[in-house]
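Thank you all for coming; I would like to walk you through one structure this morning. Please have the sequence and the model in view as I talk.

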Amino acid sequence: MQINFQSFTVNKRFPLTISRGTTAQTTNIWLQIAQEGIVGWGEASPFGVGNHRQSTEQIQEGLQQITPILQKFSPWQRQEIEAVLERMQIPSAVKAAVDMALHDWLGKRVDLPLWKLWGLDKNAIAPTSVTIGINSPAGAKARTQDWLQFMDVQLLKVKLGSTEGIEADQKMLLAVWEAAAGKDVFVDANGGWSLADAINMCGWLADLGIKYVEQPLARGEEANLANLQKNSPLPIFVDESCFTSADIPQLADHVDGINIKLMKSGGITQAMRMVHTAKAHNLQVMFGCYSDSSLANTAALQLAPLADYLDLDSHLNLIDDPFTGAVVENGRVLPNNLPGLGVKHSAFVA
């Protein structure tokens, strides 16, 4: 295989603030794997969860490390490649880019989009949520109105866990609730609450009519999830607490769902394992994203018919996304009918 990669920087139309900080710009990596005249594409984007961080520099170092090793393989050898990357303890975002590119190559090789190759029903894809970051009540209301003007929003995801405390969270959420005009809403605290605040907020949110709560407690506080679930009238989803399928069994009795992201899972192969493991434990499944472009989000959409909820909106908030792929219809983001991931780059579009 021939392997090449290059960085690209994307800027958000609206900077996104969560409990851990604000992001306005990220530098991601575009990976290309070629053989037989076919080029598969993948994306790696940086992310951080507590003290676990994968920077752009770490991703580049990982790709430089594996490039000479992977050249001896064929894109048909995904299982062997996955085993090599696992033994080398390569960052999950690097594994995601490689796995994505190998799947894209396969789809292009057989001239089918991946969702069709797997026999999935594109009509089963749920609407995507759109994200409202931590803000002042007025700022959150304005951002909600902007989303409603931008597309046919069906579901809003509101980031809570303000450093100013749960009273600030409540004031902001009420502003969004008013502006949302009857749309479904759920919240994501990104681990920004204490157990006591989480119990308090789950009761308050349930009375308001919120659908569910994502990652109310910080990664590392999983021992408190059982107590929270016992006292929460709302379903609890975990994101930062769940990276791969190996994390699911010990969480399953204390949560109602998981958020799968390609960058933390390590790619499409592991994401599919996570779906089946979660379903075997009677958990619901959401697909989410970091500061991913249309490349990674369109890759995640190939599996979207298997998800209960989608939160794949990061590319919709970019002013300079170099890729096109997913299409927006009636509040849903959908994969197209092109082979592989179905992604194009602006430099190659006539």
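Let me begin with a convention, since I will speak of strands facing each other: two strands pair if DSSP finds at least two bridges between them. Helices (H or I, at least four residues) and strands (E, at least two) are DSSP runs, numbered from the N terminus. This is a predicted model, in which local features need pLDDT of at least 70 and side-chain atom pairs count only at pLDDT 80 or more, while totals for chains, interfaces and linings use all residues. Residues are numbered from 1 along each chain as its sequence is written, and side-chain values use heavy atoms, with hydrogens and water left out.

With that in place, strand 2 (residues 21-35) and strand 3 run antiparallel and are joined by 7 bridges, and within that pairing I29 stands opposite A44 of strand 3. The hairpin these strands make has 2 residues between them, and there E36 takes a positive phi near 60 degrees. Strand 3 (residues 38-44) is largely enclosed by the rest of the structure, because 6 of its 7 residues are buried, where buried means under 20% relative accessible area, exposed over 50%, and partly exposed in between, with a 1.4 Å probe and protein chains only.

Stepping back to the whole chain, there are 12 helices and 17 strands, and buried residues make up 57% of the 350 residues. The C-alpha trace spans about 60 × 45 × 35 Å along its principal axes.

Which residues have the most contacts inside the largest nonpolar core? They are L70, V98, V158, V187, W193, L205 and I258, in a core of 99 residues, and its largest share, 8 residues, comes from helix 3 (residues 92-110). By nonpolar core I mean a set of buried Ala, Val, Leu, Ile, Met, Phe, Trp, Tyr and Cys residues joined through side-chain atoms within 4.5 Å. A second, separate core has 6 residues, among them F186, Y212, F237 and M286. Not counting residues up to four places away in sequence, L70 touches M1, I3, I81, L85 and V98, contact meaning heavy atoms within 4.5 Å.

Now to the open sheet, which is formed by 8 strands in the order 6-7-8-9-10-11-12-13, with parallel pairing. At its edges are strand 6 (129-132) and strand 13 (309-310), each of which pairs on one side only. Strand 10 (residues 236-238) pairs with strand 11 (residues 257-260) over 2 bridges in the parallel sense, and V238 has I258 of strand 11 as its bridge partner.

Let me turn to a loop, the one between helix 3 and helix 4 (114-117), where L112 lies. L112 is partly exposed, with a relative accessible area of 29%. Although L112 and P339 are 227 residues apart in sequence, their C-alpha atoms are 4.3 Å apart in space. Beyond its neighbours within four places in sequence, L112 is in contact with G107, L117, P339 and G340.

Finally, the cysteines: how many disulfides does a search of the whole structure find? The search finds 0, taking a disulfide as a pair of cysteine sulfur atoms within 2.5 Å. For C202, the closest cysteine sulfur is that of C242, at 18 Å, which is too far for a bond. C242 is likewise in no disulfide, and its nearest cysteine sulfur, in C289, is 16 Å away. C202 is buried, with a relative accessible area of 0%, and C242 also counts as buried, at 0% relative accessibility.
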